[in-house]
Amino acid sequence: MLTGPLPSPSHHVHEPRPERDKDVPTPTPARRPLHATLACAVAALLAALLVTAPTASADTDDVVPAAALTEVTDFGTNPSNLRMYLYVPDSVTANPAVLVAVHYCTGSGPAMHSGTEYASLADRYGFVVIYPSVTRASKCFDVSSPQALRRGGGSDPVGIRSMVDWVTRTYDADTDRIFATGISSGAMMANVLLGVYPDVFRAGAAFAGVPFGCFATTDGSEWNSACANGTITRTPQQWGDLVRTAHPGYTGPRPRMQLWHGTQDDVLRYPNFGEEIKQWTNLHGLGQTPAATDSPRDGWTRTRYGGTGDQAPVEAISLRGVDHNLYRYGVMGPLAIAFFGLDDDGPAPQPPAGPCKVSVTTNTWNTGLTASVTITNTSTATVNGWRLGFTLPTGQTITNGWNATYTPSSGAVTATNVAYNGTLAPNASVSIGYQASHGGNSAAPGAFTLNGTACTAG
(Lines give C-alpha, C1' and ligand atoms only; values in the text may rest on other atoms or scores of the structure.)
Protein backbone atom coordinates (compact mmCIF):
# COMPACT_ATOMS: atom_id res chain seq x y z
CA MET A 1 0.00 0.00 0.00
CA LEU A 2 1.00 3.63 -0.45
CA THR A 3 1.15 6.15 2.35
CA GLY A 4 1.45 9.87 1.73
CA PRO A 5 0.16 11.94 -1.18
CA LEU A 6 -0.21 10.12 -4.47
CA PRO A 7 1.15 11.51 -7.74
CA SER A 8 -1.42 13.46 -9.75
CA PRO A 9 -1.14 14.05 -13.47
CA SER A 10 -1.20 17.86 -13.74
CA HIS A 11 -1.39 21.34 -12.15
CA HIS A 12 1.13 20.63 -9.45
CA VAL A 13 3.19 22.99 -7.35
CA HIS A 14 6.89 22.18 -6.88
CA GLU A 15 8.58 23.39 -3.73
CA PRO A 16 12.24 24.55 -4.08
CA ARG A 17 14.84 21.96 -3.22
CA PRO A 18 17.73 22.57 -0.80
CA GLU A 19 21.14 23.53 -2.16
CA ARG A 20 23.28 20.53 -3.07
CA ASP A 21 26.30 21.27 -0.86
CA LYS A 22 24.12 21.60 2.26
CA ASP A 23 22.56 18.18 1.90
CA VAL A 24 25.37 15.61 1.86
CA PRO A 25 26.88 14.16 5.04
CA THR A 26 30.37 15.22 6.05
CA PRO A 27 32.96 12.37 6.10
CA THR A 28 33.70 10.89 9.50
CA PRO A 29 36.96 10.15 11.37
CA ALA A 30 38.48 6.72 10.79
CA ARG A 31 37.76 5.58 14.34
CA ARG A 32 34.00 5.91 13.68
CA PRO A 33 33.70 5.12 9.96
CA LEU A 34 30.41 6.13 8.42
CA HIS A 35 28.75 6.58 11.81
CA ALA A 36 29.79 10.04 13.03
CA THR A 37 27.53 12.24 15.13
CA LEU A 38 27.78 15.02 12.57
CA ALA A 39 26.60 12.72 9.80
CA CYS A 40 23.66 11.67 11.99
CA ALA A 41 22.76 15.31 12.57
CA VAL A 42 22.94 16.09 8.86
CA ALA A 43 20.81 13.04 8.03
CA ALA A 44 18.21 14.23 10.54
CA LEU A 45 18.32 17.69 8.98
CA LEU A 46 17.82 16.21 5.54
CA ALA A 47 14.81 14.26 6.72
CA ALA A 48 13.41 17.45 8.26
CA LEU A 49 13.90 19.27 4.96
CA LEU A 50 11.64 16.84 3.11
CA VAL A 51 8.85 19.00 1.74
CA THR A 52 5.30 17.86 2.35
CA ALA A 53 3.15 18.61 -0.66
CA PRO A 54 -0.02 20.64 -0.22
CA THR A 55 -3.23 18.69 -0.25
CA ALA A 56 -6.64 19.61 -1.55
CA SER A 57 -9.13 20.88 1.01
CA ALA A 58 -12.83 20.17 1.13
CA ASP A 59 -13.55 23.84 0.37
CA THR A 60 -11.59 24.37 -2.84
CA ASP A 61 -10.33 22.59 -5.90
CA ASP A 62 -7.58 25.14 -6.46
CA VAL A 63 -4.93 23.32 -4.40
CA VAL A 64 -3.84 20.01 -5.91
CA PRO A 65 -1.27 17.56 -4.44
CA ALA A 66 2.16 18.00 -5.96
CA ALA A 67 4.40 15.10 -6.88
CA ALA A 68 5.95 14.06 -3.58
CA LEU A 69 7.86 11.32 -1.90
CA THR A 70 5.56 8.49 -0.83
CA GLU A 71 6.15 5.40 1.28
CA VAL A 72 5.13 2.02 -0.09
CA THR A 73 4.45 -0.87 2.29
CA ASP A 74 3.66 -4.52 1.59
CA PHE A 75 5.73 -4.40 -1.59
CA GLY A 76 6.85 -8.03 -1.40
CA THR A 77 9.50 -10.23 0.19
CA ASN A 78 11.54 -8.09 2.57
CA PRO A 79 13.74 -10.22 4.87
CA SER A 80 15.63 -7.30 6.46
CA ASN A 81 12.66 -4.99 7.05
CA LEU A 82 13.70 -2.23 4.67
CA ARG A 83 11.38 0.70 4.05
CA MET A 84 10.52 1.74 0.52
CA TYR A 85 10.13 5.37 -0.55
CA LEU A 86 9.03 6.25 -4.05
CA TYR A 87 9.11 9.36 -6.21
CA VAL A 88 6.90 9.38 -9.30
CA PRO A 89 7.14 12.71 -11.14
CA ASP A 90 4.14 14.46 -12.63
CA SER A 91 5.87 14.04 -15.99
CA VAL A 92 6.29 10.27 -15.65
CA THR A 93 6.50 8.65 -19.08
CA ALA A 94 4.68 5.59 -20.31
CA ASN A 95 6.71 2.47 -19.51
CA PRO A 96 9.13 4.54 -17.44
CA ALA A 97 12.70 3.74 -16.54
CA VAL A 98 13.41 3.05 -12.86
CA LEU A 99 16.34 4.32 -10.79
CA VAL A 100 17.17 2.83 -7.38
CA ALA A 101 19.00 5.51 -5.33
CA VAL A 102 20.66 4.01 -2.24
CA HIS A 103 21.61 6.10 0.79
CA TYR A 104 24.82 6.32 2.83
CA CYS A 105 25.34 5.01 6.39
CA THR A 106 23.29 6.97 8.96
CA GLY A 107 21.13 8.15 6.06
CA SER A 108 17.61 7.31 4.95
CA GLY A 109 15.46 7.20 1.86
CA PRO A 110 13.98 10.66 2.57
CA ALA A 111 17.47 12.10 3.16
CA MET A 112 18.65 10.67 -0.16
CA HIS A 113 15.59 12.14 -1.84
CA SER A 114 16.18 15.61 -0.41
CA GLY A 115 19.96 15.59 -0.72
CA THR A 116 20.48 14.53 -4.33
CA GLU A 117 19.38 15.73 -7.77
CA TYR A 118 17.59 12.53 -8.76
CA ALA A 119 14.05 13.73 -8.05
CA SER A 120 14.54 16.94 -10.06
CA LEU A 121 16.14 14.90 -12.84
CA ALA A 122 13.12 12.57 -12.73
CA ASP A 123 10.91 15.65 -13.10
CA ARG A 124 12.84 16.53 -16.22
CA TYR A 125 13.16 13.10 -17.85
CA GLY A 126 10.13 11.20 -16.56
CA PHE A 127 11.68 8.21 -14.78
CA VAL A 128 10.67 6.76 -11.39
CA VAL A 129 13.01 6.81 -8.37
CA ILE A 130 13.04 4.19 -5.58
CA TYR A 131 14.76 5.21 -2.33
CA PRO A 132 15.34 2.12 -0.13
CA SER A 133 15.75 2.93 3.56
CA VAL A 134 17.51 0.84 6.23
CA THR A 135 15.85 0.25 9.62
CA ARG A 136 18.75 -1.46 11.45
CA ALA A 137 20.53 0.67 14.05
CA SER A 138 23.59 1.53 11.95
CA LYS A 139 21.47 2.68 9.01
CA CYS A 140 24.08 0.95 6.82
CA PHE A 141 23.15 -1.47 4.05
CA ASP A 142 24.18 -5.10 4.34
CA VAL A 143 26.96 -5.57 1.79
CA SER A 144 29.00 -8.01 3.87
CA SER A 145 26.95 -11.04 4.94
CA PRO A 146 26.98 -14.31 2.97
CA GLN A 147 23.24 -13.87 2.49
CA ALA A 148 23.65 -10.50 0.81
CA LEU A 149 26.39 -11.69 -1.54
CA ARG A 150 24.52 -14.46 -3.30
CA ARG A 151 21.47 -14.32 -5.49
CA GLY A 152 18.29 -14.89 -3.51
CA GLY A 153 20.31 -15.38 -0.34
CA GLY A 154 18.28 -12.93 1.69
CA SER A 155 18.91 -9.61 3.41
CA ASP A 156 18.79 -6.20 1.72
CA PRO A 157 19.24 -7.15 -1.96
CA VAL A 158 16.13 -9.33 -1.86
CA GLY A 159 14.05 -6.50 -0.42
CA ILE A 160 15.33 -4.03 -3.02
CA ARG A 161 14.58 -6.52 -5.79
CA SER A 162 11.01 -6.71 -4.43
CA MET A 163 10.76 -2.92 -4.63
CA VAL A 164 11.84 -3.00 -8.28
CA ASP A 165 9.33 -5.73 -9.06
CA TRP A 166 6.55 -3.75 -7.35
CA VAL A 167 7.29 -0.65 -9.42
CA THR A 168 7.58 -2.69 -12.60
CA ARG A 169 4.11 -4.19 -12.03
CA THR A 170 2.46 -1.01 -10.80
CA TYR A 171 3.76 1.41 -13.40
CA ASP A 172 4.40 -1.02 -16.27
CA ALA A 173 8.03 0.05 -16.13
CA ASP A 174 10.55 -0.80 -18.84
CA THR A 175 12.48 -3.82 -17.56
CA ASP A 176 15.32 -2.99 -19.96
CA ARG A 177 15.87 0.34 -18.15
CA ILE A 178 16.38 -0.48 -14.49
CA PHE A 179 19.39 1.25 -12.87
CA ALA A 180 21.04 1.58 -9.46
CA THR A 181 23.17 4.27 -7.89
CA GLY A 182 24.41 4.98 -4.39
CA ILE A 183 26.80 6.90 -2.18
CA SER A 184 29.26 5.24 0.26
CA SER A 185 27.30 2.34 1.79
CA GLY A 186 24.84 2.89 -1.05
CA ALA A 187 27.68 2.67 -3.58
CA MET A 188 28.68 -0.67 -2.10
CA MET A 189 25.06 -1.80 -2.43
CA ALA A 190 25.00 -0.66 -6.07
CA ASN A 191 27.94 -2.99 -6.69
CA VAL A 192 26.13 -5.81 -4.87
CA LEU A 193 22.84 -5.31 -6.72
CA LEU A 194 24.52 -5.41 -10.12
CA GLY A 195 26.47 -8.48 -9.03
CA VAL A 196 23.60 -10.62 -7.74
CA TYR A 197 20.97 -9.36 -10.21
CA PRO A 198 22.79 -8.82 -13.52
CA ASP A 199 19.61 -9.74 -15.35
CA VAL A 200 17.60 -7.02 -13.56
CA PHE A 201 19.88 -3.96 -13.65
CA ARG A 202 21.12 -2.50 -16.92
CA ALA A 203 23.77 -0.21 -15.37
CA GLY A 204 24.94 1.32 -12.12
CA ALA A 205 26.84 4.31 -10.74
CA ALA A 206 28.82 3.90 -7.51
CA PHE A 207 30.05 7.01 -5.68
CA ALA A 208 32.89 6.24 -3.22
CA GLY A 209 32.34 2.49 -2.92
CA VAL A 210 34.29 -0.77 -2.95
CA PRO A 211 34.23 -3.85 -5.20
CA PHE A 212 31.57 -6.51 -4.86
CA GLY A 213 32.63 -8.91 -2.10
CA CYS A 214 35.38 -6.69 -0.72
CA PHE A 215 33.43 -5.96 2.46
CA ALA A 216 32.53 -9.62 3.06
CA THR A 217 32.53 -10.85 6.66
CA THR A 218 31.42 -14.10 8.28
CA ASP A 219 31.12 -13.00 11.92
CA GLY A 220 28.06 -10.81 11.59
CA SER A 221 30.10 -7.62 11.53
CA GLU A 222 29.04 -4.87 9.13
CA TRP A 223 32.56 -3.44 8.90
CA ASN A 224 35.64 -4.78 7.11
CA SER A 225 38.66 -2.65 8.02
CA ALA A 226 41.02 -4.29 5.52
CA CYS A 227 38.69 -3.41 2.67
CA ALA A 228 37.93 0.07 3.96
CA ASN A 229 41.64 0.79 4.24
CA GLY A 230 42.26 -0.35 0.67
CA THR A 231 44.57 -3.22 1.58
CA ILE A 232 42.63 -5.99 -0.21
CA THR A 233 44.14 -6.52 -3.64
CA ARG A 234 43.12 -9.19 -6.14
CA THR A 235 43.65 -9.90 -9.81
CA PRO A 236 40.91 -8.87 -12.25
CA GLN A 237 40.01 -12.55 -12.69
CA GLN A 238 39.69 -13.09 -8.93
CA TRP A 239 37.48 -10.03 -8.53
CA GLY A 240 35.36 -11.12 -11.47
CA ASP A 241 35.02 -14.63 -10.08
CA LEU A 242 33.60 -13.25 -6.82
CA VAL A 243 30.73 -11.78 -8.82
CA ARG A 244 30.29 -14.82 -11.03
CA THR A 245 29.93 -17.13 -8.01
CA ALA A 246 27.11 -14.93 -6.68
CA HIS A 247 24.90 -16.11 -9.55
CA PRO A 248 26.36 -19.43 -10.77
CA GLY A 249 25.46 -20.41 -14.28
CA TYR A 250 24.59 -16.91 -15.45
CA THR A 251 25.97 -16.34 -18.97
CA GLY A 252 24.08 -13.24 -20.05
CA PRO A 253 25.38 -9.71 -20.46
CA ARG A 254 26.76 -7.84 -17.45
CA PRO A 255 25.48 -4.40 -16.43
CA ARG A 256 27.56 -1.37 -17.35
CA MET A 257 29.21 0.38 -14.41
CA GLN A 258 30.24 3.95 -13.68
CA LEU A 259 32.69 4.39 -10.77
CA TRP A 260 33.59 7.55 -8.83
CA HIS A 261 36.25 8.07 -6.14
CA GLY A 262 38.20 10.88 -4.51
CA THR A 263 41.95 10.47 -4.18
CA GLN A 264 41.86 11.69 -0.56
CA ASP A 265 39.03 9.42 0.62
CA ASP A 266 39.86 8.59 4.24
CA VAL A 267 36.84 6.33 4.89
CA LEU A 268 36.85 3.94 1.91
CA ARG A 269 40.34 4.57 0.67
CA TYR A 270 41.32 5.29 -2.91
CA PRO A 271 42.93 1.90 -3.78
CA ASN A 272 39.39 0.48 -3.80
CA PHE A 273 38.75 2.51 -6.94
CA GLY A 274 41.38 0.60 -8.91
CA GLU A 275 40.10 -2.71 -7.57
CA GLU A 276 36.56 -1.84 -8.74
CA ILE A 277 37.92 -1.09 -12.20
CA LYS A 278 39.63 -4.48 -12.26
CA GLN A 279 36.40 -6.21 -11.31
CA TRP A 280 34.07 -4.59 -13.80
CA THR A 281 36.47 -4.63 -16.75
CA ASN A 282 37.00 -8.34 -16.12
CA LEU A 283 33.26 -8.99 -16.03
CA HIS A 284 33.01 -7.32 -19.45
CA GLY A 285 35.98 -9.22 -20.85
CA LEU A 286 38.06 -6.04 -21.11
CA GLY A 287 41.69 -5.27 -20.42
CA GLN A 288 43.01 -2.60 -18.09
CA THR A 289 43.96 -0.17 -20.87
CA PRO A 290 41.36 2.60 -21.34
CA ALA A 291 39.80 3.15 -24.73
CA ALA A 292 39.56 6.87 -23.94
CA THR A 293 40.78 9.29 -21.26
CA ASP A 294 39.61 12.86 -20.69
CA SER A 295 38.99 15.46 -17.98
CA PRO A 296 35.34 16.60 -17.76
CA ARG A 297 36.25 19.10 -15.01
CA ASP A 298 39.46 20.48 -13.54
CA GLY A 299 41.04 17.81 -11.33
CA TRP A 300 38.85 15.00 -12.71
CA THR A 301 40.26 12.15 -14.77
CA ARG A 302 37.74 10.01 -16.62
CA THR A 303 38.75 6.70 -18.20
CA ARG A 304 36.46 4.61 -20.37
CA TYR A 305 36.88 0.92 -21.12
CA GLY A 306 35.40 -0.99 -24.04
CA GLY A 307 34.04 2.16 -25.70
CA THR A 308 34.61 5.89 -25.99
CA GLY A 309 31.12 7.38 -25.61
CA ASP A 310 28.80 8.18 -22.71
CA GLN A 311 27.62 4.56 -22.49
CA ALA A 312 30.94 2.70 -22.46
CA PRO A 313 30.77 -0.65 -20.62
CA VAL A 314 32.91 0.72 -17.78
CA GLU A 315 33.54 4.37 -16.93
CA ALA A 316 35.71 5.53 -14.02
CA ILE A 317 36.09 9.10 -12.71
CA SER A 318 38.91 9.96 -10.30
CA LEU A 319 38.66 13.26 -8.39
CA ARG A 320 42.04 14.69 -7.40
CA GLY A 321 42.29 15.94 -3.80
CA VAL A 322 38.67 15.06 -2.97
CA ASP A 323 37.65 13.23 0.22
CA HIS A 324 34.89 10.71 0.94
CA ASN A 325 32.16 13.35 0.70
CA LEU A 326 32.70 13.65 -3.04
CA TYR A 327 29.06 14.10 -4.01
CA ARG A 328 28.97 17.65 -2.68
CA TYR A 329 31.03 18.76 -5.68
CA GLY A 330 27.92 18.68 -7.85
CA VAL A 331 27.04 17.85 -11.48
CA MET A 332 27.55 14.16 -10.74
CA GLY A 333 23.89 13.20 -10.85
CA PRO A 334 23.47 14.47 -14.43
CA LEU A 335 26.61 12.61 -15.52
CA ALA A 336 25.25 9.41 -14.00
CA ILE A 337 21.93 9.98 -15.76
CA ALA A 338 23.80 10.49 -19.05
CA PHE A 339 25.71 7.25 -18.45
CA PHE A 340 22.40 5.45 -17.94
CA GLY A 341 20.99 7.00 -21.10
CA LEU A 342 18.11 8.56 -19.15
CA ASP A 343 18.69 12.06 -20.50
CA ASP A 344 16.51 11.25 -23.49
CA ASP A 345 13.31 9.30 -24.08
CA GLY A 346 14.89 6.14 -25.44
CA PRO A 347 16.81 3.22 -24.00
CA ALA A 348 20.50 3.53 -23.34
CA PRO A 349 22.43 3.16 -26.61
CA GLN A 350 24.93 0.39 -27.05
CA PRO A 351 28.66 1.13 -26.75
CA PRO A 352 29.95 2.68 -29.97
CA ALA A 353 31.60 0.43 -32.50
CA GLY A 354 35.34 0.27 -32.13
CA PRO A 355 38.00 0.55 -34.83
CA CYS A 356 38.13 -3.21 -35.28
CA LYS A 357 36.10 -6.10 -36.63
CA VAL A 358 36.19 -9.71 -35.42
CA SER A 359 34.69 -12.79 -37.04
CA VAL A 360 34.72 -16.26 -35.53
CA THR A 361 33.81 -19.73 -36.78
CA THR A 362 33.71 -22.89 -34.67
CA ASN A 363 33.90 -26.62 -35.27
CA THR A 364 32.45 -28.64 -32.38
CA TRP A 365 32.18 -32.20 -31.16
CA ASN A 366 30.88 -33.94 -28.01
CA THR A 367 33.33 -32.49 -25.49
CA GLY A 368 35.48 -30.12 -27.53
CA LEU A 369 35.69 -27.45 -30.18
CA THR A 370 38.05 -25.38 -32.26
CA ALA A 371 37.54 -21.69 -32.96
CA SER A 372 39.07 -19.69 -35.81
CA VAL A 373 39.13 -15.94 -35.16
CA THR A 374 39.92 -13.19 -37.67
CA ILE A 375 40.80 -9.72 -36.36
CA THR A 376 40.65 -6.75 -38.75
CA ASN A 377 41.98 -3.29 -37.95
CA THR A 378 39.29 -0.96 -39.32
CA SER A 379 40.88 2.21 -37.96
CA THR A 380 43.11 4.59 -39.89
CA ALA A 381 46.09 4.03 -37.59
CA THR A 382 48.51 1.12 -37.37
CA VAL A 383 48.15 -1.05 -34.25
CA ASN A 384 51.54 -1.97 -32.80
CA GLY A 385 50.92 -4.73 -30.30
CA TRP A 386 47.38 -6.01 -29.75
CA ARG A 387 45.33 -7.75 -27.07
CA LEU A 388 42.01 -9.34 -27.96
CA GLY A 389 39.61 -9.65 -25.03
CA PHE A 390 36.61 -12.00 -24.91
CA THR A 391 34.71 -14.15 -22.42
CA LEU A 392 34.39 -17.88 -22.94
CA PRO A 393 30.95 -19.37 -22.24
CA THR A 394 30.66 -21.16 -18.90
CA GLY A 395 32.22 -24.62 -18.97
CA GLN A 396 34.73 -23.93 -21.75
CA THR A 397 38.47 -24.16 -21.16
CA ILE A 398 41.18 -23.47 -23.74
CA THR A 399 43.54 -26.43 -24.07
CA ASN A 400 45.63 -25.24 -27.02
CA GLY A 401 46.02 -22.11 -29.12
CA TRP A 402 47.88 -20.76 -32.11
CA ASN A 403 49.08 -17.38 -33.38
CA ALA A 404 48.45 -15.80 -29.93
CA THR A 405 49.09 -16.32 -26.22
CA TYR A 406 45.89 -16.97 -24.23
CA THR A 407 45.52 -16.08 -20.53
CA PRO A 408 43.72 -17.32 -18.51
CA SER A 409 42.34 -20.48 -20.07
CA SER A 410 38.70 -19.85 -19.06
CA GLY A 411 36.36 -17.01 -18.15
CA ALA A 412 37.52 -13.58 -19.33
CA VAL A 413 40.39 -14.38 -21.71
CA THR A 414 43.00 -12.12 -23.28
CA ALA A 415 44.69 -13.26 -26.49
CA THR A 416 47.99 -11.40 -26.96
CA ASN A 417 49.96 -11.19 -30.20
CA VAL A 418 53.11 -13.22 -30.69
CA ALA A 419 56.36 -11.81 -32.04
CA TYR A 420 55.57 -12.22 -35.74
CA ASN A 421 52.02 -10.76 -35.90
CA GLY A 422 51.95 -7.80 -33.51
CA THR A 423 51.61 -5.11 -36.19
CA LEU A 424 48.23 -4.51 -37.82
CA ALA A 425 48.15 -1.86 -40.53
CA PRO A 426 44.84 -0.13 -41.37
CA ASN A 427 42.44 -2.66 -42.95
CA ALA A 428 44.89 -5.50 -42.29
CA SER A 429 43.77 -8.75 -40.67
CA VAL A 430 45.31 -11.48 -38.56
CA SER A 431 43.95 -14.98 -37.94
CA ILE A 432 44.28 -16.77 -34.61
CA GLY A 433 42.59 -19.78 -33.10
CA TYR A 434 42.20 -22.06 -30.13
CA GLN A 435 41.00 -25.49 -29.11
CA ALA A 436 38.80 -25.83 -26.04
CA SER A 437 36.96 -28.42 -24.02
CA HIS A 438 33.34 -27.80 -23.04
CA GLY A 439 30.69 -29.24 -20.76
CA GLY A 440 27.81 -28.96 -23.21
CA ASN A 441 27.91 -25.28 -24.17
CA SER A 442 29.91 -25.07 -27.39
CA ALA A 443 28.93 -21.52 -28.35
CA ALA A 444 31.44 -18.98 -29.61
CA PRO A 445 32.17 -15.80 -27.61
CA GLY A 446 29.64 -13.09 -28.40
CA ALA A 447 31.74 -9.94 -27.95
CA PHE A 448 35.36 -8.93 -28.48
CA THR A 449 37.55 -5.95 -27.63
CA LEU A 450 40.86 -4.94 -29.21
CA ASN A 451 43.17 -3.15 -26.76
CA GLY A 452 40.12 -2.35 -24.63
CA THR A 453 37.93 -1.01 -27.46
CA ALA A 454 34.75 -2.86 -28.46
CA CYS A 455 34.85 -4.46 -31.92
CA THR A 456 32.03 -4.97 -34.38
CA ALA A 457 31.06 -8.49 -35.43
CA GLY A 458 32.39 -9.51 -38.80
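The crossing of helix 5 and helix 8 is left-handed, that is, the near helix is turned anticlockwise from the far one by less than a right angle. By class, the contact of helix 5 with helix 8 comprises two nonpolar, three polar and one charged residues, with Gly counted as polar and Trp and Leu as nonpolar. The model is predicted: local features need pLDDT of at least 70 and side-chain atom pairs pLDDT 80 or more, whereas totals for chains, interfaces and linings use all residues. Residues are numbered from 1 along each chain as its sequence is written, and side-chain values use heavy atoms, without hydrogens and water.

In this contact (heavy atoms within 4.5 Å), Asn191, Leu194 and Gly195 of helix 5 meet Glu276, Gln279 and Trp280 of helix 8. The axes, lines fitted to C-alpha atoms over the stretch in contact, lie 13 Å apart at an angle of about 15°. Helix 5 and helix 8 are therefore roughly parallel (angles under 35 degrees).

Helix 5 (185–196) and helix 8 (271–283), together with strand 18 (412–416), also pack against the buried residues of helix 7. In helix 7 (residues 236–244), the buried residues are Gln237, Trp239, Gly240 and Val243 (under 20% relative accessible area, 1.4 Å probe, protein chains only). Viewed down the axis of helix 7, these residues fall within an arc of 165°, so they line one face of the helix; the arc is taken from the directions from the helix axis to the C-beta atoms.

The protein has nine helices and 23 strands, defined as DSSP runs (H or I, at least four residues; E, at least two) numbered from the N terminus. Of its 458 residues, 53% count as buried.

How values were computed: Buried < 20%, exposed > 50% of the residue type's maximum accessible area, 1.4 Å probe, protein only. Axes fitted to C-alpha atoms, helices over the stretch in contact; angles between N-to-C directions. Parallel < 35°, antiparallel > 145°, perpendicular 65-115°, else oblique.
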